[in-house]
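Here is a brief report on one protein chain. It covers the surface, the fold and the nonpolar cores.

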Amino acid sequence: MLQQFGGIWTSKKLALLEDYLNFYTKALQNQTFMLHYIDAFAGSGSHQPSEQANQQPLIPIENLRASVEVALSIDRPFDQYHFNDINSEFVAELEQLKAEHSDKKIAVYSQDANTFIPEFCRRLKGSDRAVVLLDPFSTQLDWNTLIPIARSGKIDLWLLFPISVILRMTPKQGEKIKSE
């Protein structure tokens, strides 16, 4: 099941992610770290731009990949991949991608990301390092989920969020903004 979302910005985001992951694994290739890639909102693992985005794609549609596909295709693979999504149909697609990439160590999870991330952080060992991608579609991310990531000292975090959601939730009148 190809997820239909995004547009030119999605293509740009995925190109930046691919460059970063290639740089990250190359920079750490001579270290003894166990390298993990974590996508806590992995979706189906596949991507198709929305119809509106199809009008002016940045790259040919057949070359578009989702973050999971990008991570699986980098030059120097991670030691372990962790793909999580709460949607059972997406999890089934991720399991299929896992079978197609039997040469890689892939774990697929079906948990709320706010539960999955702290549990993953607790399992990190001293020699582990990770890149975590948090790219929710809306406001599913609880900000407290970031605390175990920060405390680990072992994770490079890619936190993406839809600015349109933040703008819709922001008060329009300054006097309604609560200060803490």
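## Surface and burial

The protein chain exposes about 10,500 Å². Carbon and sulfur atoms supply 52% of that area. The model is predicted. Of the chain's 180 residues, 42% count as buried.

## Fold

Seven helices and seven strands make up the elements of the protein chain. Read from the N terminus, their order is β-α-β-β-α-α-β-α-β-α-β-α-β-α.

## Nonpolar cores

In soluble globular proteins, nonpolar side chains tend to be buried together. The largest nonpolar core here has 24 residues. Leu21, Tyr37, Phe78, Tyr81 and Phe83 touch the most other members. At least two core residues come from each of α1 (8–27), β2 (34–39), α3 (67–72), β4 (80–84), α4 (88–100), β5 (106–109) and β6 (128–134).

Take Leu21. Beyond its neighbours within four places in sequence, Leu21 is in contact with Tyr37, Val70, Ala71, Ile74, Phe78 and Val131.

## A nonpolar patch outside

Which residues form a nonpolar patch on the surface? They are Trp143, Phe161 and Ile163, with about 350 Å² of accessible area together.

Ile163 belongs to helix α7, residues 163–169. Its relative accessibility is 52%, so Ile163 counts as exposed; the cut-off is over 50%.

Definitions and conventions: Residues are numbered from 1 along each chain as its sequence is written. This is a predicted model: local features need pLDDT of at least 70, side-chain atom pairs count only at pLDDT 80 or more; totals for chains, interfaces and linings use all residues. Side-chain values use heavy atoms; hydrogens and water are left out. A nonpolar core is a set of buried Ala, Val, Leu, Ile, Met, Phe, Trp, Tyr and Cys residues joined through side-chain atoms within 4.5 Å. Buried means under 20% relative accessible area, exposed over 50%, partly exposed in between (1.4 Å probe, protein chains only). Helices (H or I, at least four residues) and strands (E, at least two) are DSSP runs, numbered from the N terminus. Contact means heavy atoms within 4.5 Å. Patches are made of residues with over 30% relative accessible area and no salt bridge: like charges are joined within 9 Å, nonpolar side chains (Val, Leu, Ile, Met, Phe, Trp, Tyr) within 5 Å. Accessible areas come from the Shrake-Rupley method with a 1.4 Å probe; for residues, only the protein chains shown count as cover. A salt bridge is a side-chain nitrogen of Lys or Arg within 4 Å of a carboxyl oxygen of Asp or Glu.
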